[in-house]
Amino acid sequence: MQLTDKHREYWSRNLRLTAVLLAIWFVVTFVVGFLARDTFSFNFLGWPFAFWMGAQGSLVVYVVIIWYYARYMNKLDQEYGVAEGEEE
Amino acid sequence: MSGATSQKAFTAQLKKIYTWYTGGFVFFVIALTILELMGMPRQWIGYVFLIATVLLYAGIGVMSRTSDASEYYVAGRRVPAVFNGMATGADWMSAASFIGMAGTLYLQGYSGLAFIMGWTGGYVLVALFLAPYLRKFGQFTIPDFLGARYGGNLARFVGVLIAILCSFVYVVAQIYGVGLITARLTGLSFEVGVFVGLAGILVCSFLGGMKAVTWTQVAQYIILIIAYMIPVVWLSVKHTGIPLPQLVYGSVLQKVTAREAELIDAKTPAGAKEAEVRKIFADRASAAEAKLKALPGSYDTEKAALQKAVDDAKAANAAPEVVAAAQKSLDGYPKDAKAAEAAWKRDAAVKARANAPLRHAEAFPAKDDKARDIARKNFLALIFCLMVGTAALPHILMRYYTTPSVKEARSSVFWSLFFIFLLYFTAPALAVLVKFDVYTLLVGSEFAKLPAWVASWSKVDPSLLSIVDVNKDGIVQLAEIAIGGDIVVLATPEIAGLPYVISGLVAAGGLAAALSTADGLLLTIANALSHDLYYKMINPNASTATRVGVSKALLLVVALLAAYVASLKVADILFLVSAAFSLAAAGFFPALVLGIFWKRTTGIAAVLGMVAGTVVTFYYMATTQPWMRSVFGVTSPVSDNTWWDIAPISAGVFGVPLGFAIIIIVSLITPAPKREVQELVEHVRYPNLRGDTMNTTSN
């Protein structure tokens, strides 16, 4: 079967979203970890911020990233008519 | 749309069944508590938990028995997202997560958070790069994808080898954990424990394959999460008055930090006592080191000195108990120089206990900036390996074949991480709460009045907990406590003052965690052998019944083999588990991701990349990890073999980039893949496309 422009647009939007979410994932994991002793050592509700991020904050971000991706992509499937069960 | 309606009815029915099941389980625990209060002996409670849970899992296995290929390999592809999430959670959380992780956090403080982030953040990679696409591809195993995408049996075969390599070391560790927990729960011997646990694993996966394993794992998840939460919540109420440990332990952490400062500072009264004990350990270690250095001569001089002490005492007509004491140390002296060397080496090892306690919340504690940099580098490298490894372990990826659709696969990753998150964000809280208990209630108390849990656990296993009054002042100092990580989870019910039933429940939770992971891994290995090796490569004409039969037979063989290896108690099993992550990361991740996201990736490039990534990772471990070095007879100094001071546990940090680089370079210099392969890539990218070359239906 032949890919249409619509297909290509769907795929590039998917790639863009993937890149943005991956960047967030990278920052909360590696940037915060790298600067744990310096920038992110301030007190946050009783925890040093980098410790709290490692123990809870980054985990919450991961869960939200995956939730958002699933929601966004499931909508995008509908919008571009590529959801399962929708034949062209 | 009758398919959707029946799926809806199916989900509703599942919800009903598992709600009743959870209620029944809670009722069962309450009933046992009442029986305990009425005087049921502890031993019985252990047996009841073991027998009841294993029978339960076996019952689910028998009810789900099947010989249909789609049911057997992918649970009929109708597992709803939420339930697949729970099953993945149980599949994922092993004995190491359930029992070991809070202990690691207790012992390592901030550095232990690498496991928390690494073992959760990997699901972001699963969600973004793999799960929906593999579901759309819709076959049975990970080597299936490699075989189809990279045109042939070579890629499939390499995939089979890597899958077996990383799953087998992992399953050995799980069966080992099953043996330990069974032994602790019932008092049976470790070896018997291994085989009892094995029966529980087999009856489930053997009869019903993925279908039985899925429904058992859901049941196991419910048990393990209840078992983990009850003691932590109780402990939180004890120390903060609020039953939400995850939200309030920040204040406890501050108290722990203040207490650490007091114990480290030798100017405070408590700190001075700590320093005194640490000095005794330091002296003992340096005396032993001096004697070790002077071997073999020191053996005779030491012996002569002891003999002289006896003679002097006798000559001086000392009191009989003085003579007896001198005689006793002479009698206790090692029989020969070799025994003396071993004993002194043990003494020299107490040097570690002469170090000041670590500050729990401090990131990368070390003596100078250079050492801190190395600690930070290794912390980040370990997170990277654990994350990428998570997104490459076949027993996890395989689970996303079982959902009814791509849409459900995406949601299912969310539910997987959500259910894993519940336990993972509780573990750091548990570690801090237990630390608070030990630092403030145990340290500073009198030896004559130790809490009951201390006495009972140091009797069970001195490697878990031992307290000796080193400076003979009758007061417990932190430096006098030697603690093993596993005790943090195992003893929490007693520390929190809960009845023994809850201890039994925690052990049953640990058993559920180990059994569920072992189930998933065994199935992965058996499927790689029966489906990929036998059906796809050796005998493509095999009937469905033969394939499932072969898989069941192999399952039995692999399980027995793994149990045999586990019963040998191979050294460094924890290292092997972590090694599985690095190996899977380097072996699978580049080839899988590039296969989906870059059409130009060619078959030969993928094969070379997989092999190179795995080999370099394995090579780095073999030359830098003590146990691996002894296996392979590597004698050159470790420092010559390390690259950028990276620890062997994070060897994947070299293998993954190398895999990517080789696949990209070789792909660019080899001819582009055939049109039908490119169409397959398009097919997995768009949920509604029907591939021309692929049979996407689930049989």
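**Exercise 1. Determine whether Trp644(B) counts as buried or exposed, and describe its backbone.**

Solution. Trp644(B) has 10 C-beta neighbours inside 10 Å and therefore counts as exposed. The classes rest on C-beta atoms placed from the backbone: a residue is buried with 20 or more others within 10 Å of its own, exposed with 12 or fewer, and partly exposed in between. Next, Trp644(B) lies in the loop between helix 26 (638-641) and helix 27 (652-669) of chain B. Helices (H or I, at least four residues) and strands (E, at least two) are DSSP runs, numbered from the N terminus. Finally, Trp644(B) is not a glycine, yet its phi is positive, at about 50°. Most residues other than glycine have a negative phi.

The model is predicted, so local features need pLDDT of at least 70 and side-chain atom pairs count only at pLDDT 80 or more, while totals for chains, interfaces and linings use all residues. Residues are numbered from 1 along each chain as its sequence is written, and chains are lettered from A and ligands numbered from 1 in the order in which they are written.

**Exercise 2. Carry out the analysis for Asp645(B).**

Solution. Asp645(B) has 14 C-beta neighbours inside 10 Å and hence counts as partly exposed. Asp645(B) is found in the loop between helix 26 and helix 27 of chain B. The phi of Asp645(B), a residue other than glycine, is positive, near 60°.

**Exercise 3. State how helix 5 and helix 20 of chain B are oriented, and which residues meet.**

Solution. Helix 5 (residues 95-108) and helix 20 (residues 487-495) of chain B pack at about 95°, with axes 6 Å apart. Axes are lines fitted to C-alpha atoms, for helices over the stretch in contact, and angles run from 0 to 180 degrees between N-to-C directions. The two helices of chain B are therefore roughly perpendicular, the class for 65 to 115 degrees (under 35 is roughly parallel, over 145 roughly antiparallel, the rest oblique). From helix 5 of chain B, Phe98(B), Ile99(B), Ala102(B), Gly103(B) and Tyr106(B) meet Ile487(B), Val488(B), Val489(B) and Leu490(B) of helix 20 of chain B; contact requires C-beta atoms, placed from the backbone, within 7 Å. By class, this contact has eight nonpolar, one polar and no charged residues. Nonpolar covers Ala, Val, Leu, Ile, Met, Phe, Trp, Tyr, Cys and Pro, charged covers Asp, Glu, Lys and Arg, and the others, Gly among them, are polar.

**Exercise 4. Describe the side of chain B that touches chain A.**

Solution. In total, 41 residues of chain B are in contact with 40 residues of chain A. Elements giving two or more residues to this side of chain B are helix 6 (113-137), helix 10 (245-264), helix 15 (369-390), helix 17 (406-424) and helix 28 (675-685). Helix 17 of chain B gives the most, with ten residues. The residues of this side divide into 27 nonpolar, nine polar and five charged.

**Exercise 5. Examine the radius of gyration of each chain against the globule rule.**

Solution. The radius is taken over C-alpha atoms, and the rule is 2.2 Å times the number of residues to the power 0.38. For the 699 residues of chain B, a compact globule would have a value near 27 Å, and the 28 Å of chain B agrees. For the 88 residues of chain A, the globule would be near 12 Å, but chain A has 18 Å. The C-alpha atoms of chain A fill a box of roughly 55 × 20 × 15 Å along the principal axes. Buried residues make up 36% of chain A and 52% of chain B.

Conventions
Contact = placed C-beta atoms within 7 Å.
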